[in-house]
Amino acid sequence: MTGTCSLCEKEKELKQSHLLPSFIFKWKKEKGTGFFRSSQNPNIRVQDGLKLYLLCADCEQQFGLWEKQFSEKLFKPFHDNSGTQVKYSEWLLKFAVSVSWRNLIYHKLKNVFSHLSDIHKGLAEEALFTWKSFLMNQTKQISIFEQHIFPVDIIQSYQGQGRSSLSPYLNRYFVGSVDFDLLWTEKTCLLYSKLNKLIVIGIIQQPIKDFLVGTHINYPTGEFMPRPIEIPEQLFNYFNKRANQCAQHLSSLSDKQWAVISKSYEKDIDRLKNSDIFIATGVDFSISGQNAFHVLKSKKNKD
Ligand SMILES: [Zn+2]
């Protein structure tokens with residue numbers, strides 16, 4: 001298909017670009033189980049790796065180089081060992097910007113901008129322009145449109161208030177899902193890209209300075225390592241909501257799809273016993289009791 005490349009703006013043959021990097025889906029196939037692959041995501045299009053005609057071959061290739069570095073230097077080492085420390089260079093911010101930029105373009109194409117306030121709409125357009133200039137090496141600054149990255153993992157115990165409001169699916173959502181979204185409140189607007197256990201946030205507007213602490217991606221160099229991070233409660237509530245949506249999606253699968261999942265589950269049981277998703281299921285059960293399973297059943301039984 002011929003068209004205008006969204007990045008370099010040249011008239012060229014366009015490639016189908018993955019909205020989220022394709023290595024994640026390959027990695028999930030290698031590491032994961034059928035259960036992972038076919039059901040963890042609230043958005044069925046995402047789990048197959050949603051694609052758009054967005055970039056020409058040259059721009060797609062450039063994105064691929066940043067993705068390769070991210071995958072080999074950070075994503076895979078971190079998923080093998082959450083204590084991984086990585087000294088990064090330019091590639092991390094380039095990669096993160098490329099992810100947030102694609103995420104934002106998708107929402108623009110889907111006409112989501114029409115739901116934004118005039119202020120957010122203006123800022124979102126400015127972010128698209130700034131990120132594009134940065135990806136094209138026309139600037140080294142991304143101004144207020146910062147990128148953040150932080151890990152999520154199984155919450156072994158939860159002593160805080162509102163324990164009962166925790167999603168009974170939260171830990172499985174944390175360790176097993178790939179997800180993306182544009183989210184906003186009156187004074188906040190963010191791109192959310194969940195690359196399994198690593199979350200990339202692209203800021204369009206943050207409500208207060210240092211909205212996120214310990215997560216900022218530096219440029220040109222920095223270090224990713226285990227460190228204390230502070231995440232606002234509203235973001236945590238969002239994870240809960242998203243985890244519930246995920247569970248609802250599961251509950252809407254057909255019996256046939258469930259049969260396929262169970263079969264691959266049984267086939268892989270030995271490997272599964274040591275997997276994050278197995279441990280996460282146990283922790284979800286220990287925190288939420290039977291609800292950890294009811295959430296999947298209740299809606300299904302209505303069908
Ligand atoms: Zn291009």
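In this predicted model, strand E5 pairs with strand E8, residues 198-205, in the antiparallel sense, and five bridges link the two. Along this pairing, Phe150 is found opposite Ile199 of E8. The pair belongs to an open sheet of four strands, which runs in the order E5-E8-E7-E6 with antiparallel pairing. Strands E5 (147-151) and E6 (178-185) form the edges of this sheet; each has a single partner strand, so one side of each is left without a neighbour in the sheet. From one strand to the next, the twist averages 20 degrees.

A helix also joins this picture. Helix H6, spanning residues 118-135, packs on the sheet and touches E6, strand E7 (188-195) and E8. The direction of H6 makes about 120 degrees with that of E8.

Asp58 and Cys8 are separated by 50 residues in sequence, yet their C-alpha atoms are 9.1 Å apart in space.

For the chain as a whole, the secondary structure comes to twelve helices and nine strands. The chain has 303 residues, of which 35% count as buried. Among contacts with a separation of 6 or more, 73% are accounted for by residues 24 or more positions apart.

Conventions: Residues are numbered from 1 along each chain as its sequence is written. This is a predicted model: local features need pLDDT of at least 70, side-chain atom pairs count only at pLDDT 80 or more; totals for chains, interfaces and linings use all residues. Two strands pair if DSSP finds at least two bridges between them. Axes are lines fitted to C-alpha atoms, for helices over the stretch in contact, and angles run from 0 to 180 degrees between N-to-C directions. Two residues are in contact if their C-beta atoms, placed from the backbone, lie within 7 Å. A residue is buried if 20 or more other C-beta atoms lie within 10 Å of its own, exposed if 12 or fewer, and partly exposed in between; C-beta atoms are placed from the backbone.
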